[in-house]
Amino acid sequence: MRGVETRIQEIRHRIFREVARMAYHTEWPVDKRIEELPYKIIPGEVGNYRNDVFLERAIVGERLRLAMGLPCRSAAEHAPLSDNIEAADRPETYYTPPLINVIKFACNGCHEKRLIVTEGCQGCLAHPCEEVCPKDAVHLDRHTGMSHIDQEKCIRCGRCADVCAYNAIIVQERPCAAACGVNAIGTDANGKAHIDEEKCVSCGMCLVNCPFGAIADKSQIFQVIRAIQSGERVYAAVAPAFVGQFGAKVTPGKLRAAMKQLGFADVFEVAIGADLCAAQEAEDFIREVPEEIPFMGTSCCPAWSVMAKKQFPDYAKCISMALTPMTLTARLIKHQHTNAKVVFIGPCAAKKLEAMRRTVRSEVDFVLTFEEMAGIFDAKHVELEQLEEDPCGVNNASSDGRNFAVSGGVAQAVVDVIQSKYPGREVKVASAEGLQECRKLMAAAAAGKYNGYLLEGMACPGGCVAGAGTMQPIKKSQAAVNLYARQADHKLAHETEHIKELDKLVE
(Lines give C-alpha, C1' and ligand atoms only; values in the text may rest on other atoms or scores of the structure.)
Protein backbone atom coordinates (compact mmCIF):
# COMPACT_ATOMS: atom_id res chain seq x y z
CA MET A 1 0.00 0.00 0.00
CA ARG A 2 1.47 3.32 -1.09
CA GLY A 3 2.02 5.83 1.70
CA VAL A 4 2.48 3.15 4.38
CA GLU A 5 6.13 2.58 5.27
CA THR A 6 6.30 -1.18 5.83
CA ARG A 7 9.31 -3.43 6.31
CA ILE A 8 9.11 -4.30 2.63
CA GLN A 9 9.36 -0.64 1.60
CA GLU A 10 12.28 -0.21 3.99
CA ILE A 11 14.19 -3.08 2.35
CA ARG A 12 13.38 -1.80 -1.15
CA HIS A 13 14.68 1.68 -0.26
CA ARG A 14 17.91 0.18 1.09
CA ILE A 15 18.38 -1.92 -2.03
CA PHE A 16 17.95 1.04 -4.39
CA ARG A 17 20.18 3.27 -2.27
CA GLU A 18 22.99 0.70 -2.10
CA VAL A 19 22.87 -0.06 -5.83
CA ALA A 20 23.13 3.68 -6.51
CA ARG A 21 26.06 4.02 -4.08
CA MET A 22 27.77 1.09 -5.77
CA ALA A 23 27.43 2.86 -9.13
CA TYR A 24 28.76 6.17 -7.79
CA HIS A 25 31.77 4.70 -6.00
CA THR A 26 33.73 3.60 -9.04
CA GLU A 27 36.71 2.72 -6.82
CA TRP A 28 34.70 -0.14 -5.31
CA PRO A 29 35.05 -3.46 -7.17
CA VAL A 30 31.42 -4.18 -8.05
CA ASP A 31 31.78 -7.95 -7.87
CA LYS A 32 33.21 -7.76 -4.35
CA ARG A 33 30.77 -5.10 -3.17
CA ILE A 34 27.61 -6.95 -4.20
CA GLU A 35 28.78 -9.99 -2.23
CA GLU A 36 29.18 -7.80 0.89
CA LEU A 37 25.89 -5.89 0.65
CA PRO A 38 23.50 -8.59 2.00
CA TYR A 39 25.56 -8.58 5.20
CA LYS A 40 25.40 -4.80 5.40
CA ILE A 41 21.66 -4.62 4.73
CA ILE A 42 20.89 -7.57 7.05
CA PRO A 43 23.54 -7.38 9.80
CA GLY A 44 23.94 -9.60 12.83
CA GLU A 45 23.15 -13.24 13.47
CA VAL A 46 19.39 -13.08 13.98
CA GLY A 47 16.80 -12.40 11.29
CA ASN A 48 15.05 -9.05 11.49
CA TYR A 49 12.13 -9.82 9.20
CA ARG A 50 12.02 -13.63 8.97
CA ASN A 51 13.15 -16.43 11.25
CA ASP A 52 16.23 -17.23 9.17
CA VAL A 53 18.90 -14.55 8.71
CA PHE A 54 20.50 -16.56 5.90
CA LEU A 55 17.19 -16.66 4.02
CA GLU A 56 16.84 -12.90 4.47
CA ARG A 57 20.28 -12.34 2.98
CA ALA A 58 19.58 -14.68 0.07
CA ILE A 59 16.41 -12.74 -0.75
CA VAL A 60 18.25 -9.43 -0.49
CA GLY A 61 20.90 -10.83 -2.82
CA GLU A 62 18.35 -11.59 -5.54
CA ARG A 63 16.75 -8.19 -5.05
CA LEU A 64 20.17 -6.59 -5.55
CA ARG A 65 20.67 -8.50 -8.77
CA LEU A 66 17.25 -7.49 -10.08
CA ALA A 67 17.89 -3.87 -9.11
CA MET A 68 20.99 -4.01 -11.30
CA GLY A 69 19.00 -5.42 -14.22
CA LEU A 70 20.39 -8.96 -13.83
CA PRO A 71 18.34 -12.19 -14.00
CA CYS A 72 16.59 -13.63 -10.96
CA ARG A 73 17.83 -17.10 -9.98
CA SER A 74 16.34 -20.12 -8.25
CA ALA A 75 17.46 -21.54 -4.91
CA ALA A 76 19.05 -24.44 -6.79
CA GLU A 77 21.65 -22.16 -8.40
CA HIS A 78 24.83 -21.90 -6.35
CA ALA A 79 26.71 -19.27 -8.34
CA PRO A 80 27.88 -16.17 -6.44
CA LEU A 81 25.78 -12.98 -6.51
CA SER A 82 28.41 -11.45 -8.75
CA ASP A 83 27.79 -14.05 -11.46
CA ASN A 84 27.75 -12.21 -14.83
CA ILE A 85 27.96 -8.88 -12.96
CA GLU A 86 29.86 -7.32 -15.85
CA ALA A 87 26.60 -7.23 -17.84
CA ALA A 88 25.28 -4.55 -15.47
CA ASP A 89 28.18 -2.21 -16.21
CA ARG A 90 27.05 -1.37 -19.73
CA PRO A 91 25.07 1.90 -20.01
CA GLU A 92 23.27 0.60 -23.09
CA THR A 93 21.83 -2.38 -21.19
CA TYR A 94 18.08 -2.72 -21.78
CA TYR A 95 15.59 -4.68 -19.78
CA THR A 96 15.42 -8.32 -20.73
CA PRO A 97 12.33 -10.40 -20.03
CA PRO A 98 10.93 -11.30 -17.65
CA LEU A 99 10.67 -7.80 -16.23
CA ILE A 100 8.70 -8.79 -13.11
CA ASN A 101 9.98 -11.79 -11.19
CA VAL A 102 8.85 -14.01 -8.32
CA ILE A 103 11.73 -14.76 -5.94
CA LYS A 104 10.51 -18.26 -5.24
CA PHE A 105 12.23 -18.79 -1.88
CA ALA A 106 10.71 -15.52 -0.62
CA CYS A 107 7.17 -16.55 -1.63
CA ASN A 108 4.91 -17.69 1.23
CA GLY A 109 3.09 -20.17 -1.01
CA CYS A 110 -0.28 -18.63 -0.17
CA HIS A 111 -3.48 -20.46 -1.07
CA GLU A 112 -4.95 -19.21 -4.33
CA LYS A 113 -8.40 -18.85 -2.77
CA ARG A 114 -10.18 -20.34 0.19
CA LEU A 115 -13.04 -19.62 2.57
CA ILE A 116 -12.34 -19.72 6.29
CA VAL A 117 -14.70 -19.72 9.26
CA THR A 118 -13.32 -17.37 11.92
CA GLU A 119 -13.91 -17.27 15.67
CA GLY A 120 -16.61 -14.72 15.00
CA CYS A 121 -18.98 -17.60 14.18
CA GLN A 122 -21.81 -17.77 16.74
CA GLY A 123 -23.19 -21.15 15.71
CA CYS A 124 -26.53 -19.48 15.05
CA LEU A 125 -29.79 -21.37 14.77
CA ALA A 126 -30.57 -20.06 11.28
CA HIS A 127 -27.25 -21.32 9.93
CA PRO A 128 -27.79 -19.77 6.46
CA CYS A 129 -24.23 -20.63 5.39
CA GLU A 130 -25.18 -24.32 5.40
CA GLU A 131 -28.45 -23.68 3.60
CA VAL A 132 -26.98 -21.76 0.64
CA CYS A 133 -23.95 -23.98 -0.03
CA PRO A 134 -24.48 -25.65 -3.43
CA LYS A 135 -22.00 -28.46 -2.65
CA ASP A 136 -23.00 -29.38 0.91
CA ALA A 137 -19.54 -28.26 2.09
CA VAL A 138 -20.69 -26.31 5.17
CA HIS A 139 -21.82 -28.04 8.35
CA LEU A 140 -22.30 -27.09 11.99
CA ASP A 141 -19.70 -28.77 14.19
CA ARG A 142 -21.67 -29.92 17.26
CA HIS A 143 -18.51 -30.11 19.40
CA THR A 144 -17.28 -26.56 18.79
CA GLY A 145 -20.63 -24.97 18.06
CA MET A 146 -19.17 -23.36 14.95
CA SER A 147 -19.55 -23.87 11.24
CA HIS A 148 -16.95 -25.95 9.43
CA ILE A 149 -16.11 -25.83 5.71
CA ASP A 150 -14.96 -29.00 3.98
CA GLN A 151 -12.22 -27.63 1.71
CA GLU A 152 -12.39 -30.72 -0.51
CA LYS A 153 -16.02 -30.01 -1.40
CA CYS A 154 -15.87 -26.21 -1.37
CA ILE A 155 -15.91 -24.53 -4.81
CA ARG A 156 -15.00 -21.06 -3.42
CA CYS A 157 -18.22 -19.44 -4.62
CA GLY A 158 -18.42 -17.26 -1.50
CA ARG A 159 -22.18 -17.57 -1.01
CA CYS A 160 -21.76 -18.65 2.61
CA ALA A 161 -19.71 -15.51 3.34
CA ASP A 162 -22.35 -13.34 1.71
CA VAL A 163 -25.16 -14.56 3.98
CA CYS A 164 -23.34 -14.73 7.32
CA ALA A 165 -24.95 -12.20 9.67
CA TYR A 166 -21.74 -11.93 11.71
CA ASN A 167 -19.30 -11.64 8.78
CA ALA A 168 -17.61 -14.63 10.36
CA ILE A 169 -16.66 -16.29 7.07
CA ILE A 170 -13.89 -14.65 5.08
CA VAL A 171 -12.74 -15.14 1.50
CA GLN A 172 -8.97 -15.32 1.58
CA GLU A 173 -7.14 -14.89 -1.74
CA ARG A 174 -3.48 -14.82 -2.67
CA PRO A 175 -2.89 -11.02 -2.61
CA CYS A 176 -0.70 -10.90 -5.72
CA ALA A 177 -3.23 -12.91 -7.73
CA ALA A 178 -6.16 -10.86 -6.44
CA ALA A 179 -4.36 -7.69 -7.57
CA CYS A 180 -3.65 -9.07 -11.05
CA GLY A 181 -6.34 -7.92 -13.43
CA VAL A 182 -5.32 -10.28 -16.24
CA ASN A 183 -5.25 -13.54 -14.24
CA ALA A 184 -1.55 -14.01 -14.95
CA ILE A 185 -0.63 -15.44 -11.54
CA GLY A 186 -1.07 -19.09 -10.76
CA THR A 187 0.69 -21.76 -8.71
CA ASP A 188 3.74 -23.79 -9.65
CA ALA A 189 4.43 -27.42 -8.71
CA ASN A 190 5.83 -26.35 -5.34
CA GLY A 191 2.84 -24.23 -4.38
CA LYS A 192 4.64 -20.95 -5.09
CA ALA A 193 3.26 -18.07 -7.12
CA HIS A 194 4.02 -18.27 -10.82
CA ILE A 195 3.62 -15.49 -13.42
CA ASP A 196 2.38 -16.49 -16.86
CA GLU A 197 4.50 -14.25 -19.09
CA GLU A 198 2.08 -14.64 -21.99
CA LYS A 199 -0.68 -13.01 -19.95
CA CYS A 200 1.38 -10.55 -17.88
CA VAL A 201 1.37 -6.91 -18.99
CA SER A 202 3.87 -5.75 -16.31
CA CYS A 203 1.50 -3.36 -14.53
CA GLY A 204 3.30 -4.12 -11.25
CA MET A 205 0.18 -4.44 -9.11
CA CYS A 206 1.35 -7.86 -7.88
CA LEU A 207 4.64 -6.29 -6.86
CA VAL A 208 3.07 -3.72 -4.53
CA ASN A 209 0.46 -6.12 -3.13
CA CYS A 210 2.68 -9.06 -2.10
CA PRO A 211 2.90 -8.89 1.74
CA PHE A 212 6.11 -10.95 1.68
CA GLY A 213 8.01 -8.81 -0.81
CA ALA A 214 8.55 -11.87 -2.99
CA ILE A 215 7.93 -10.08 -6.29
CA ALA A 216 10.34 -7.54 -7.74
CA ASP A 217 11.03 -5.91 -11.08
CA LYS A 218 14.32 -5.04 -12.72
CA SER A 219 15.85 -1.60 -12.51
CA GLN A 220 18.33 0.54 -14.44
CA ILE A 221 19.59 2.63 -11.51
CA PHE A 222 23.14 1.40 -12.06
CA GLN A 223 23.10 1.99 -15.81
CA VAL A 224 21.66 5.52 -15.56
CA ILE A 225 24.34 6.63 -13.11
CA ARG A 226 27.14 5.08 -15.13
CA ALA A 227 25.84 6.79 -18.28
CA ILE A 228 26.03 10.19 -16.56
CA GLN A 229 29.50 9.37 -15.24
CA SER A 230 30.70 8.42 -18.72
CA GLY A 231 29.97 11.94 -19.96
CA GLU A 232 26.69 11.26 -21.76
CA ARG A 233 24.20 14.13 -21.92
CA VAL A 234 21.37 12.48 -19.99
CA TYR A 235 18.01 14.28 -19.87
CA ALA A 236 15.30 13.46 -17.37
CA ALA A 237 11.70 13.19 -18.63
CA VAL A 238 9.52 13.33 -15.51
CA ALA A 239 5.98 11.94 -15.63
CA PRO A 240 3.00 14.14 -14.61
CA ALA A 241 2.46 12.05 -11.45
CA PHE A 242 5.70 13.40 -9.92
CA VAL A 243 3.96 16.09 -7.86
CA GLY A 244 4.49 15.43 -4.15
CA GLN A 245 6.29 12.12 -4.67
CA PHE A 246 9.58 13.43 -3.24
CA GLY A 247 8.03 15.43 -0.40
CA ALA A 248 5.23 17.94 0.04
CA LYS A 249 7.63 20.87 -0.08
CA VAL A 250 9.55 19.68 -3.15
CA THR A 251 8.43 22.02 -5.91
CA PRO A 252 9.12 21.39 -9.62
CA GLY A 253 11.92 23.97 -9.39
CA LYS A 254 13.55 22.16 -6.46
CA LEU A 255 13.27 18.84 -8.27
CA ARG A 256 14.93 20.33 -11.35
CA ALA A 257 17.74 21.69 -9.16
CA ALA A 258 18.19 18.27 -7.53
CA MET A 259 18.35 16.48 -10.88
CA LYS A 260 20.96 18.90 -12.18
CA GLN A 261 22.97 18.41 -9.00
CA LEU A 262 23.11 14.71 -9.85
CA GLY A 263 24.49 15.51 -13.30
CA PHE A 264 21.38 15.45 -15.49
CA ALA A 265 21.66 17.88 -18.40
CA ASP A 266 18.10 19.13 -17.95
CA VAL A 267 14.61 18.12 -16.88
CA PHE A 268 11.46 18.01 -18.99
CA GLU A 269 7.90 17.43 -17.83
CA VAL A 270 6.30 14.59 -19.75
CA ALA A 271 3.11 16.64 -19.49
CA ILE A 272 4.30 18.40 -22.65
CA GLY A 273 4.28 15.02 -24.37
CA ALA A 274 0.82 14.44 -22.91
CA ASP A 275 -0.31 17.65 -24.60
CA LEU A 276 0.98 16.39 -27.92
CA CYS A 277 -0.56 12.96 -27.39
CA ALA A 278 -3.99 14.49 -26.63
CA ALA A 279 -3.79 16.65 -29.75
CA GLN A 280 -2.87 13.65 -31.90
CA GLU A 281 -5.58 11.42 -30.43
CA ALA A 282 -8.17 14.16 -30.93
CA GLU A 283 -7.39 14.34 -34.65
CA ASP A 284 -7.31 10.54 -34.94
CA PHE A 285 -10.70 10.26 -33.23
CA ILE A 286 -12.29 12.84 -35.55
CA ARG A 287 -10.85 11.14 -38.62
CA GLU A 288 -11.43 7.49 -37.70
CA VAL A 289 -14.51 7.16 -35.43
CA PRO A 290 -16.93 5.79 -36.54
CA GLU A 291 -15.95 5.77 -40.22
CA GLU A 292 -12.95 3.45 -39.91
CA ILE A 293 -13.18 2.00 -36.39
CA PRO A 294 -16.24 1.65 -34.11
CA PHE A 295 -14.54 3.19 -31.06
CA MET A 296 -11.10 4.38 -30.01
CA GLY A 297 -9.15 3.50 -26.86
CA THR A 298 -6.48 5.81 -25.50
CA SER A 299 -2.82 4.87 -25.91
CA CYS A 300 -0.90 6.34 -22.97
CA CYS A 301 -1.17 3.42 -20.48
CA PRO A 302 0.96 0.56 -21.89
CA ALA A 303 -0.49 -2.11 -19.59
CA TRP A 304 -4.04 -1.21 -20.71
CA SER A 305 -3.17 -1.10 -24.40
CA VAL A 306 -1.19 -4.37 -24.33
CA MET A 307 -4.00 -6.11 -22.43
CA ALA A 308 -6.61 -4.84 -24.90
CA LYS A 309 -4.60 -5.99 -27.91
CA LYS A 310 -3.72 -9.38 -26.39
CA GLN A 311 -7.18 -10.30 -25.15
CA PHE A 312 -9.24 -8.63 -27.89
CA PRO A 313 -7.07 -9.06 -31.03
CA ASP A 314 -10.00 -8.41 -33.37
CA TYR A 315 -10.22 -4.90 -31.94
CA ALA A 316 -6.49 -4.15 -31.68
CA LYS A 317 -6.87 -1.50 -34.38
CA CYS A 318 -9.33 0.32 -32.11
CA ILE A 319 -6.59 1.18 -29.62
CA SER A 320 -5.06 4.50 -30.59
CA MET A 321 -1.81 4.33 -32.51
CA ALA A 322 -0.81 7.77 -31.19
CA LEU A 323 2.64 7.91 -29.64
CA THR A 324 2.59 7.91 -25.86
CA PRO A 325 3.56 10.99 -23.82
CA MET A 326 6.81 9.27 -22.80
CA THR A 327 7.84 8.65 -26.40
CA LEU A 328 6.76 12.06 -27.68
CA THR A 329 8.71 13.80 -24.92
CA ALA A 330 11.80 11.69 -25.64
CA ARG A 331 11.54 12.52 -29.34
CA LEU A 332 11.16 16.19 -28.57
CA ILE A 333 14.27 16.13 -26.37
CA LYS A 334 16.32 14.33 -29.01
CA HIS A 335 15.00 16.64 -31.71
CA GLN A 336 16.29 19.61 -29.74
CA HIS A 337 19.51 18.08 -28.35
CA THR A 338 21.90 16.07 -30.50
CA ASN A 339 23.26 12.84 -28.98
CA ALA A 340 20.95 13.13 -25.97
CA LYS A 341 20.15 10.16 -23.76
CA VAL A 342 16.68 10.13 -22.18
CA VAL A 343 15.64 8.57 -18.89
CA PHE A 344 11.90 8.45 -18.21
CA ILE A 345 11.18 8.86 -14.49
CA GLY A 346 7.66 7.93 -13.53
CA PRO A 347 5.22 5.85 -11.51
CA CYS A 348 4.98 2.91 -13.85
CA ALA A 349 6.55 -0.54 -14.11
CA ALA A 350 4.88 -1.10 -17.50
CA LYS A 351 6.81 1.82 -19.00
CA LYS A 352 9.90 -0.36 -18.65
CA LEU A 353 8.12 -2.89 -20.85
CA GLU A 354 7.16 -0.16 -23.33
CA ALA A 355 10.77 1.01 -23.56
CA MET A 356 11.82 -2.52 -24.57
CA ARG A 357 9.82 -2.31 -27.77
CA ARG A 358 11.90 -1.98 -30.92
CA THR A 359 10.06 1.18 -31.99
CA VAL A 360 10.71 2.92 -28.65
CA ARG A 361 14.26 1.88 -27.84
CA SER A 362 15.84 4.55 -30.02
CA GLU A 363 13.88 7.23 -28.15
CA VAL A 364 13.83 6.15 -24.49
CA ASP A 365 17.18 4.93 -23.23
CA PHE A 366 16.36 4.25 -19.59
CA VAL A 367 13.29 4.00 -17.35
CA LEU A 368 13.24 4.57 -13.58
CA THR A 369 10.37 4.73 -11.11
CA PHE A 370 9.97 7.52 -8.56
CA GLU A 371 10.90 5.03 -5.85
CA GLU A 372 14.12 4.12 -7.63
CA MET A 373 14.92 7.80 -8.16
CA ALA A 374 14.45 8.38 -4.42
CA GLY A 375 17.13 5.76 -3.83
CA ILE A 376 19.53 7.75 -6.00
CA PHE A 377 18.81 10.98 -4.10
CA ASP A 378 19.36 9.11 -0.85
CA ALA A 379 22.68 7.67 -2.03
CA LYS A 380 24.00 11.17 -2.78
CA HIS A 381 22.45 12.72 0.35
CA VAL A 382 20.45 15.22 -1.71
CA GLU A 383 18.10 17.15 0.57
CA LEU A 384 15.52 18.24 -1.96
CA GLU A 385 13.47 20.43 0.35
CA GLN A 386 16.57 22.46 1.27
CA LEU A 387 17.59 23.28 -2.31
CA GLU A 388 17.13 26.63 -4.00
CA GLU A 389 14.58 26.77 -6.80
CA ASP A 390 16.09 26.30 -10.24
CA PRO A 391 15.75 29.66 -12.01
CA CYS A 392 14.79 28.01 -15.29
CA GLY A 393 11.37 27.27 -13.85
CA VAL A 394 9.19 24.55 -15.37
CA ASN A 395 7.93 23.53 -18.79
CA ASN A 396 4.89 25.27 -20.19
CA ALA A 397 2.53 22.30 -20.15
CA SER A 398 -1.25 22.65 -20.05
CA SER A 399 -3.61 21.85 -17.19
CA ASP A 400 -5.04 18.99 -19.21
CA GLY A 401 -1.58 17.58 -19.95
CA ARG A 402 -0.64 17.58 -16.29
CA ASN A 403 -3.92 15.88 -15.39
CA PHE A 404 -2.99 12.85 -17.51
CA ALA A 405 -1.73 11.40 -14.22
CA VAL A 406 -5.20 10.93 -12.72
CA SER A 407 -8.00 8.69 -13.88
CA GLY A 408 -10.27 10.48 -16.32
CA GLY A 409 -7.63 13.06 -17.21
CA VAL A 410 -6.55 11.54 -20.52
CA ALA A 411 -10.03 11.33 -22.02
CA GLN A 412 -10.88 14.81 -20.74
CA ALA A 413 -7.82 16.28 -22.45
CA VAL A 414 -8.79 14.70 -25.78
CA VAL A 415 -12.42 15.81 -25.43
CA ASP A 416 -11.36 19.36 -24.62
CA VAL A 417 -9.23 19.56 -27.77
CA ILE A 418 -12.06 18.21 -29.93
CA GLN A 419 -14.65 20.58 -28.50
CA SER A 420 -12.30 23.54 -28.95
CA LYS A 421 -11.35 22.74 -32.54
CA TYR A 422 -14.62 21.15 -33.66
CA PRO A 423 -17.44 22.98 -31.84
CA GLY A 424 -20.63 20.99 -31.65
CA ARG A 425 -18.97 17.61 -32.08
CA GLU A 426 -20.25 15.36 -29.30
CA VAL A 427 -17.77 12.92 -27.78
CA LYS A 428 -19.08 10.14 -25.56
CA VAL A 429 -16.59 8.75 -23.05
CA ALA A 430 -16.39 5.51 -21.09
CA SER A 431 -13.54 4.81 -18.71
CA ALA A 432 -12.20 2.11 -16.40
CA GLU A 433 -9.59 1.86 -13.64
CA GLY A 434 -7.80 -1.38 -12.87
CA LEU A 435 -7.21 -4.09 -15.46
CA GLN A 436 -10.16 -6.20 -14.37
CA GLU A 437 -12.51 -3.30 -15.03
CA CYS A 438 -10.61 -2.48 -18.22
CA ARG A 439 -11.28 -6.01 -19.48
CA LYS A 440 -14.99 -5.54 -18.80
CA LEU A 441 -14.90 -2.22 -20.65
CA MET A 442 -13.29 -3.84 -23.70
CA ALA A 443 -15.69 -6.78 -23.62
CA ALA A 444 -18.65 -4.38 -23.64
CA ALA A 445 -17.07 -2.38 -26.46
CA ALA A 446 -16.50 -5.54 -28.48
CA ALA A 447 -20.19 -6.37 -27.97
CA GLY A 448 -21.14 -3.05 -29.56
CA LYS A 449 -22.11 -1.18 -26.42
CA TYR A 450 -19.64 1.68 -26.97
CA ASN A 451 -19.77 2.35 -30.68
CA GLY A 452 -18.69 5.93 -31.34
CA TYR A 453 -17.09 6.26 -27.89
CA LEU A 454 -13.66 7.30 -26.68
CA LEU A 455 -12.48 4.70 -24.15
CA GLU A 456 -9.96 5.51 -21.44
CA GLY A 457 -8.23 2.59 -19.75
CA MET A 458 -5.97 2.91 -16.71
CA ALA A 459 -4.30 -0.25 -15.44
CA CYS A 460 -3.82 1.18 -11.95
CA PRO A 461 -6.91 2.06 -9.88
CA GLY A 462 -6.79 5.83 -9.57
CA GLY A 463 -4.62 6.36 -12.62
CA CYS A 464 -0.85 6.79 -12.97
CA VAL A 465 -0.67 8.27 -9.46
CA ALA A 466 -1.34 4.70 -8.24
CA GLY A 467 1.47 3.12 -10.25
CA ALA A 468 3.79 0.51 -8.76
CA GLY A 469 6.65 3.01 -8.49
CA THR A 470 4.82 5.67 -6.45
CA MET A 471 5.41 6.38 -2.78
CA GLN A 472 2.57 8.47 -1.38
CA PRO A 473 -1.15 7.80 -0.76
CA ILE A 474 -3.16 7.79 -3.97
CA LYS A 475 -5.80 10.32 -2.91
CA LYS A 476 -3.07 12.69 -1.74
CA SER A 477 -1.32 12.36 -5.10
CA GLN A 478 -4.52 13.03 -7.02
CA ALA A 479 -5.11 16.22 -5.03
CA ALA A 480 -1.52 17.38 -5.53
CA VAL A 481 -1.64 16.78 -9.29
CA ASN A 482 -4.98 18.59 -9.62
CA LEU A 483 -3.61 21.59 -7.71
CA TYR A 484 -0.46 21.74 -9.82
CA ALA A 485 -2.49 21.42 -13.02
CA ARG A 486 -4.55 24.46 -12.08
CA GLN A 487 -1.35 26.52 -11.94
CA ALA A 488 -0.63 26.00 -15.64
CA ASP A 489 -0.63 29.02 -17.95
CA HIS A 490 -3.16 27.44 -20.29
CA LYS A 491 -5.78 24.71 -20.01
CA LEU A 492 -6.03 23.01 -23.39
CA ALA A 493 -3.44 20.57 -24.71
CA HIS A 494 -3.30 21.96 -28.26
CA GLU A 495 -2.39 25.41 -26.97
CA THR A 496 1.11 24.24 -25.99
CA GLU A 497 4.05 25.99 -27.63
CA HIS A 498 5.38 22.59 -28.74
CA ILE A 499 2.34 21.75 -30.87
CA LYS A 500 4.17 23.05 -33.94
CA GLU A 501 6.67 20.21 -33.50
CA LEU A 502 4.06 17.43 -33.58
CA ASP A 503 4.22 16.69 -37.31
CA LYS A 504 8.00 16.27 -37.15
CA LEU A 505 7.81 14.01 -34.10
CA VAL A 506 5.26 11.56 -35.55
CA GLU A 507 6.90 11.15 -38.95
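Trainee: How many salt bridges does the count come to by this rule?

Mentor: A salt bridge is a side-chain nitrogen of Lys or Arg within 4 Å of a carboxyl oxygen of Asp or Glu. By this rule the count comes to 25. The model is predicted, so to speak of a local feature needs pLDDT of at least 70, side-chain atom pairs count only at pLDDT 80 or more, and totals for chains, interfaces and linings use all residues. Residues are numbered from 1 along each chain as its sequence is written, and side-chain values use heavy atoms, with hydrogens and water left out.

Trainee: Where do Arg 21 and Glu 18 lie?

Mentor: Helices are DSSP runs of H or I with at least four residues, strands are runs of E with at least two, and both are numbered from the N terminus. Arg 21 and Glu 18 both belong to helix α1 (residues 7–24), three residues apart, or about one turn of the helix. They form a salt bridge whose closest N and O atoms are 3.3 Å apart.

Trainee: Is Glu 18 buried or exposed?

Mentor: Buried means under 20% relative accessible area, exposed means over 50%, and partly exposed is in between (1.4 Å probe, protein chains only). Glu 18 has a relative accessible area of 2%, so it is buried.

Trainee: Which salt bridge does Glu 437 form?

Mentor: The side chain of Glu 437 meets that of Lys 440 at 3.3 Å, N to O. The two residues are about one helical turn apart, because they are three residues apart in helix α18 (residues 435–446). Glu 437 is partly exposed, with a relative accessible area of 37%.

Trainee: Which residues do salt bridges with shared partners join into one network?

Mentor: The network consists of Arg 17, Glu 18, Arg 21, Arg 33, Glu 36, Lys 40 and Asp 378.

Trainee: What does Lys 334 pair with?

Mentor: Lys 334 forms a salt bridge with Asp 365, and the closest N and O atoms are 2.9 Å apart. This pair links distant parts of the chain: Lys 334 is in helix α12 and Asp 365 in the loop between α14 (358–361) and β13 (366–369), 31 residues apart. Lys 334 has 22% relative accessibility and so counts as partly exposed. Asp 365, with a relative accessible area of 7%, is buried.

Trainee: What does the side chain of Ser 320 make a polar contact with?

Mentor: A polar contact is a pair of N or O atoms within 3.5 Å; within protein, one must be able to donate a hydrogen and the other to accept it, and residues adjacent in sequence count only if both atoms are side-chain atoms. The side chain of Ser 320 makes such a contact with the side chain of Glu 281 at 3.3 Å. The Ser 320 side chain also reaches the backbone nitrogen of Ala 322, at 3.0 Å. Ser 320 sits in the loop between α11 (302–311) and α12 (325–336), and at 6% relative accessibility Ser 320 counts as buried.

Trainee: How far apart are the C-alpha atoms of His 194 and Asn 101?

Mentor: The separation is 8.8 Å, although His 194 and Asn 101 are 93 residues apart along the chain. His 194 is in strand β7 (residues 193–195) and, at 41% relative accessibility, counts as partly exposed.

Trainee: And how far apart are Glu 197 and Cys 124?

Mentor: Glu 197 and Cys 124 are 73 residues apart in sequence and 46 Å apart in space, C-alpha to C-alpha. Glu 197 lies in the loop between β7 and α7 (205–209).
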